[in-house]
Amino acid sequence: MSEKNTFEPIFNKHSKILILGSFPSVISRESNFYYTNPQNRFWRVLAGILNAAVPESTDEKIKFLLSHHIAIYDAAISCEIEGSSDAKMSKIVPVNLKPIFKEANITQVYANGGKAYEICKKYLEEEIIKATKNEVIKLPSTSPANAKFSLEKLANEWSVIVRELE
């Protein structure tokens with residue numbers, strides 16, 4: 001089934017890093033915000049590595065990201081997908097990152113998982129390197145589908161972003 005990502009990117013002029021997911025899950029699409037599946041560890045991982053409380057409401061999540069100079073978006077603006085499975089994504093249309101790169105001083109882009117990384121490498125790499133002078137960095141997915149990574153192991157891998165924010 002063809003789906004379109006209706007989420008706006010979250011960023012401001014102070015954002016330093018950009019984290020790109022692949023495409024919103026069914027639960028996130030239904031609640032119209034990023035990483036709302038309670039099984040997804042995105043918010044817990046970020047809060048853990050930044051020594052902050054886990055944001056609960058949408059407003060808290062936006063404030064949390066912006067106060068830590070983090071921008072988030074998804075690499076695909078539309079695709080055909082069955083359920084929430086990245087493996088079932090096809091006919092991918094990449095997002096336009098120009099508005100983010102134009103307004104924010106993004107120095108590094110991180111991909112949340114293999115599919116986001118694949119989309120970045122295939123469609124967005126030139127634009128990312130031109131804007132940041134750096135290649136996209138692949139981080140292990142915070143998705144519940146990535147069960148082999150414990151919360152502790154995810155936090156360990158994701159802690160690389162903290163250095164970028166200092």
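Let me begin with a pair of side chains: Glu127 and Lys98 form a salt bridge, with N to O at 4.0 Å. By salt bridge I mean a side-chain nitrogen of Lys or Arg within 4 Å of a carboxyl oxygen of Asp or Glu. This pair links distant parts of the chain, since Glu127 is in helix 5 and Lys98 is in helix 4 (residues 98–103), 29 residues apart. Helices here are DSSP runs of H or I with at least four residues, strands are runs of E with at least two, and both are numbered from the N terminus.

Before going on, a note on what you are looking at. This is a predicted model, in which local features need pLDDT of at least 70 and side-chain atom pairs count only at pLDDT 80 or more, while totals for chains, interfaces and linings use all residues. Residues are numbered from 1 along each chain as its sequence is written, and side-chain values use heavy atoms, with hydrogens and water left out.

Back to the pair. The cut-offs are under 20% for buried, over 50% for exposed, and partly exposed in between, with a 1.4 Å probe and protein chains only.

How many salt bridges does a search of the whole structure find? The search finds 6. Another of them joins Glu80 and Lys91, at 3.6 Å from N to O. That pair also links distant parts of the chain: Glu80 sits in strand 4 (residues 76–80) and Lys91 in strand 5 (residues 90–94), 11 residues apart. Glu80 is partly exposed because its relative accessibility is 28%, whereas Lys91, at 62%, is exposed.

Salt bridges with shared partners join Lys121, Glu125 and Glu135 into one network. For Lys121 and Glu125, the closest N and O atoms are 2.4 Å apart. Both residues are partly exposed, Lys121 at 27% relative accessible area and Glu125 at 23%.

Now a charged residue without a salt bridge. Asp74 is in strand 3 (residues 70–74). Asp74 is buried and has no salt bridge, and the nearest side chain of opposite charge, that of Arg29, is 8.8 Å away. For charge, Lys and Arg count as positive and Asp and Glu as negative, with His and the chain ends not counted. What does Asp74 contact, leaving aside neighbours within four places in sequence? Its contacts (heavy atoms within 4.5 Å) are Asn5, Phe7, Leu20, Gly21, Ser22, Phe23, Pro24, Tyr34 and Val95.

Phe33 is in the loop between helix 1 (26–31) and helix 2 (42–49). Phe33 counts as buried because its relative accessibility is 7%.

Next, the backbone. Most residues other than glycine have a negative phi. His69 is not a glycine, and its phi is positive, about 65°. His69 lies in the loop between helix 3 (58–67) and strand 3, and is partly exposed because its relative accessibility is 26%. Not counting residues up to four places away in sequence, His69 touches His14, Ser15, Lys16, Ile17 and Leu165. Its C-alpha is 9.7 Å from that of Asn105, which is 36 residues away in sequence. Lys133 likewise has a positive phi, near 65°. Lys133 is in the loop between helix 5 and strand 7, and at 66% relative accessibility it is exposed.

Last, the largest pocket, which holds about 550 Å³ of space. It has 29 lining residues, and the closest to its centre are Ser22, Ser84, Asp86, Ser141 and Ser143. A pocket, on a 1 Å grid over the protein atoms alone, is an open set of points where a 1.4 Å probe fits, with protein on both sides within 12 Å along at least five of seven lines; lining residues have an atom within 4 Å of a point. Grid points are joined across faces, edges and corners, and the volume is the space filled by probe spheres set on them. Helix 5 (114–132) and strand 7 (137–139) each supply at least two lining residues. The lining divides into 9 nonpolar, 16 polar and 4 charged residues. Nonpolar covers Ala, Val, Leu, Ile, Met, Phe, Trp, Tyr, Cys and Pro, charged covers Asp, Glu, Lys and Arg, and the others, Gly among them, are polar.
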